[in-house]
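Subject: Structure for your review

Dear colleague,

Please find below the structure that I am handing over to you. My findings follow it.

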Amino acid sequence: MPELRRNVLDLTHADLSGLMAGWDQPSYRAGQVLAWMYRRFAGSWDAMTDLPRALRARLAAELQFTVPEVETERISADGSTTKALLRLSDGVTVETVLMRYAATERARARNTVCVSTQAGCAMACVFCATGQQGFLRNLSAGEIVAQVLHFARALVACGEHVTNIVFMGMGEPLANYAHTLAAVRALQDPQRFGLGSRHMTISTVGLVPQMLRLAHEGLQVGLALSLHSPYDDARRELVPTARYRIDELLAAAQEWAALTGRRFSVEYALINAVNDTPQQAEALAERLRGLSCHVNLIPVNPTANARTPRSRRARVLAFEQALRELGINVTVRVEKGVDIAAGCGQLRGEVEGRRPRAASALTLAPPGDALPAVSSA
Ligand code: SAH
């Protein structure tokens, strides 16, 4: 039976107020429910102890509120990365990652949650573990928000909170546009999760109409474009579903930058001797000259595909150096969680690939002492 009730995490304050009015409840009940959901991270209706019992029963009957079940959870050896495989109400699993960055001289400490927007992905990028699993379905806004709440709940137990959210987990966010944007709004809404603006980034393989639509939303959310090559034919080898040319993608991203006044990011997964040569660095710099962007180089996480090995360290540094000398803003992404298969789709690939599964959550590797590890188990 498909679930017909609305997910409480899909509702705004106005939606809930309307519901309460219809049930002859005082209007402040809407705020109470939202506070339980988004400030106290309740795990069930019954936890909302200041709501009358009869109201809790009615809420339970009419709205869906299920906390995703933790199928598997892993913590990296240094304690900085926790990856959860979460099971949604219909049984499909998605990955969510928490990355903790200690404070530096220049930046405050950050707790970044990386969420999935789809179960599986239709884009089929050859170096991506999710891409090899095919597409199952879109997630609802509530299911996207629930992933953030999962880690918010764990963090609050050690007096911390989520500071950043990146839409870089499984799936193509802009192929699930309406639900992704509804999740962004819920997470920014001061009456709901209330994450300050400018702390979210949507990553896309490059869907031009949706990128342009996003540019006009008037939302404070960053844009990352997954480019991976300066050449159209070579890019199509890596991203076989690519529908738009690189010049069209960059024009759309630049339009987004012009309208939002922000720089976009260019994601570039470095694959040894495939897209990391000096000529490609030069061609990339040529493409990006004059655009408001910043390049993130990501030495590719190893997956089952033997044809996409990670670039050797010297090649990564040479590629970075070449871009920098050509005047391009560039950084090499700080790698996290390689030891726990934290790359997009890797954990799900492992776990779903070896059924029957263990029933209980499992925590590998003890936390290091640099940062307190966060486990929600
Ligand atoms: N579909 C969106 C967002 C999800 S993937 C997109 O393509 O942008 C988020 C980022 O991780 C993308 O830049 C993607 O190319 C990259 N990625 C996927 N698999 C990877 C791997 N094995 N190693 C490094 N980066 C990877």
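How many disulfides does the count come to in this predicted model? The count comes to zero disulfides. A disulfide is a covalent bond between the sulfur atoms of two cysteines. Cys121 itself is buried, at 9% relative accessibility. Cys114 also has a relative accessible area of 9% and counts as buried.

The ligand site

The ligand is surrounded by 17 residues, and the closest are Phe127, Ser203, Ser226, His228 and Asn301. By class, this shell is made up of seven nonpolar, eight polar and two charged residues.

The side chain of Ser226 places an N or O atom 2.5 Å from an oxygen atom of the ligand. From His228, a polar side-chain atom lies 2.8 Å from a ligand oxygen atom. With Asn301 the backbone is involved: one of its polar backbone atoms is 2.8 Å from a nitrogen atom of the ligand. On its own the ligand has 530 Å² of accessible area, of which the protein covers 94%.

Strand β4 spans residues 81–87, and seven of its seven residues are buried, so the strand is largely enclosed by the rest of the structure. This holds for both faces: Thr81, Lys83, Leu85 and Arg87 lie on one side, Thr82, Ala84 and Leu86 on the other, and all are buried.

Strand β4 pairs with two strands described here. With strand β3 (residues 69–75) the pairing is antiparallel, over six bridges, and Thr72 has Leu85 of β4 as its bridge partner. With strand β5 (residues 93–101) the pairing is again antiparallel, over seven bridges; here Leu86 has Val94 of β5 as its bridge partner.

Each pairing is also a hairpin. Five residues separate β3 from β4, and Gly79 in that turn has a positive phi of about 80°. Five residues likewise lie between β4 and β5, where Gly91 in the turn has a positive phi of about 100°.

Strand β6 (residues 110–114) pairs with β9 in the parallel sense over three bridges, and Thr112 stands opposite Asn164. Strand β10 (residues 200–204) pairs with β9 as well, in the parallel sense and over three bridges. In that pairing, Thr201 of β10 is the bridge partner of Val166.

A buried loop residue

Is Thr308 buried or exposed? Thr308 is buried, because its relative accessible area is 4% and the cut-off for buried is under 20%. Thr308 is placed in the loop between β13 (293–299) and α10 (313–325). A polar atom of the Thr308 side chain lies 3.2 Å from the backbone oxygen of Asn305.

Yours sincerely

Methods
Residues numbered from 1 in each chain as written. Predicted model: local features only at pLDDT ≥ 70, side-chain atom pairs only at ≥ 80, totals over all residues. Heavy atoms only, no water. Near = heavy atom within 4 Å. Polar contact = N/O pair within 3.5 Å; in protein donor to acceptor, adjacent residues only side chain to side chain. Areas by Shrake-Rupley, 256 points an atom, 1.4 Å probe, with all protein chains shown as cover. Nonpolar A, V, L, I, M, F, W, Y, C, P; charged D, E, K, R; others polar. Disulfide = S-S within 2.5 Å. Buried < 20%, exposed > 50% of the residue type's maximum accessible area, 1.4 Å probe, protein only. Pairing = 2+ DSSP bridges. Helix = DSSP H or I, 4+ residues; strand = E, 2+ residues; numbered from the N terminus.
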